[in-house]
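Hello,

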Amino acid sequence: MEKIYQQALLYDFYGELLTEHQRSIYEDAVCNDLSLGEIAQERGISRQGVHDLIRRCDKALQEYETRLRLVEKFVNARDKVERIITLAQTEGFNGRERGAALMQEPKESGAQERETTLAQESERHADRLREIYSLATELRQEL
């Protein structure tokens, strides 16, 4: 499954650099999941010819990636965006509601504990914000 995913990504980024004939056969094999025999019969060529063409296309697409690294940059950027979203959606990250709730508690129920809790939550939020900022800065530099 991983190989098919990698092939599809490479094709999405570099497929236009293949000839029309290469694209159509490669698309049938990778995107449309046709067997070598089905493609060979449909095109009137040998199964071995289809296999060789797909192998050459794989090699060409991989060489483009080695030189340009577009897929690698895309995957890294996607991972950073996902991490930012995860950090932003972390439970309790919206400190306003929690802080307001803590401030509404009766004064006699441990003002020192409330202050300690607020300080700890503030520090966790600050850590998340620093990580989000760091990831966003890296993304900006890469793009």
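R78, D79 and E82 are joined in a network of salt bridges, a salt bridge being a side-chain nitrogen of Lys or Arg within 4 Å of a carboxyl oxygen of Asp or Glu. This is a predicted model, in which local features need pLDDT of at least 70 and side-chain atom pairs count only at pLDDT 80 or more, while totals for chains, interfaces and linings use all residues. Residues are numbered from 1 along each chain as its sequence is written, and side-chain values use heavy atoms, with hydrogens and water left out.

Helices here are DSSP runs (H or I, at least four residues), numbered from the N terminus. E82 is partly exposed at 43% relative accessible area, and R78 is partly exposed as well, at 28%. For these words, buried means under 20% relative accessible area, exposed over 50%, and partly exposed in between (1.4 Å probe, protein chains only).

By the salt-bridge rule, the count comes to 9. Among them is the pair R69 and E72, with N to O at 3.1 Å. R69 is partly exposed at 39%, and E72 is partly exposed at 35%. Another is formed by the side chains of R130 and E123, at 3.0 Å from N to O. Here R130 has a relative accessibility of 47%, which counts as partly exposed, and E123 is partly exposed at 43%.

While you are looking at α5, have a look at F74, which lies in that helix. F74 is partly exposed, with a relative accessible area of 35%. Leaving out residues up to four places away in sequence, F74 touches L9 and F13, where contact means heavy atoms within 4.5 Å. The C-alpha atoms of F74 and L143 are separated by 9.4 Å, although the two residues are 69 apart along the chain.

Now for helix α2. Which residues of α2 (residues 20–31) are buried? They are Q22, R23, S24, I25, Y26, D28, A29 and V30. These buried residues pack against α1 (2–14), α3 (36–43) and α4 (47–68). R23 counts as buried at 16% relative accessibility. Apart from neighbours within four places in sequence, R23 is in contact with Y11, G15, E16 and L18. After α2 comes D33, which has a positive phi, near 55 degrees.

How do α3 and α4 pack, and at what angle? Their angle is about 110 degrees and their axes are 8 Å apart; axes are lines fitted to C-alpha atoms, for helices over the stretch in contact, and angles run from 0 to 180 degrees between N-to-C directions. That makes α3 roughly perpendicular to α4, a label for angles of 65 to 115 degrees, with under 35 counting as roughly parallel, over 145 as roughly antiparallel and the rest as oblique. On the α3 side, L36, G37, I39 and A40 take part, meeting R47, V50, H51 and I54 in α4. The residues of this contact divide into 5 nonpolar, 2 polar and 1 charged.

Terms used. Helix = DSSP H or I, 4+ residues; strand = E, 2+ residues; numbered from the N terminus. Nonpolar A, V, L, I, M, F, W, Y, C, P; charged D, E, K, R; others polar.
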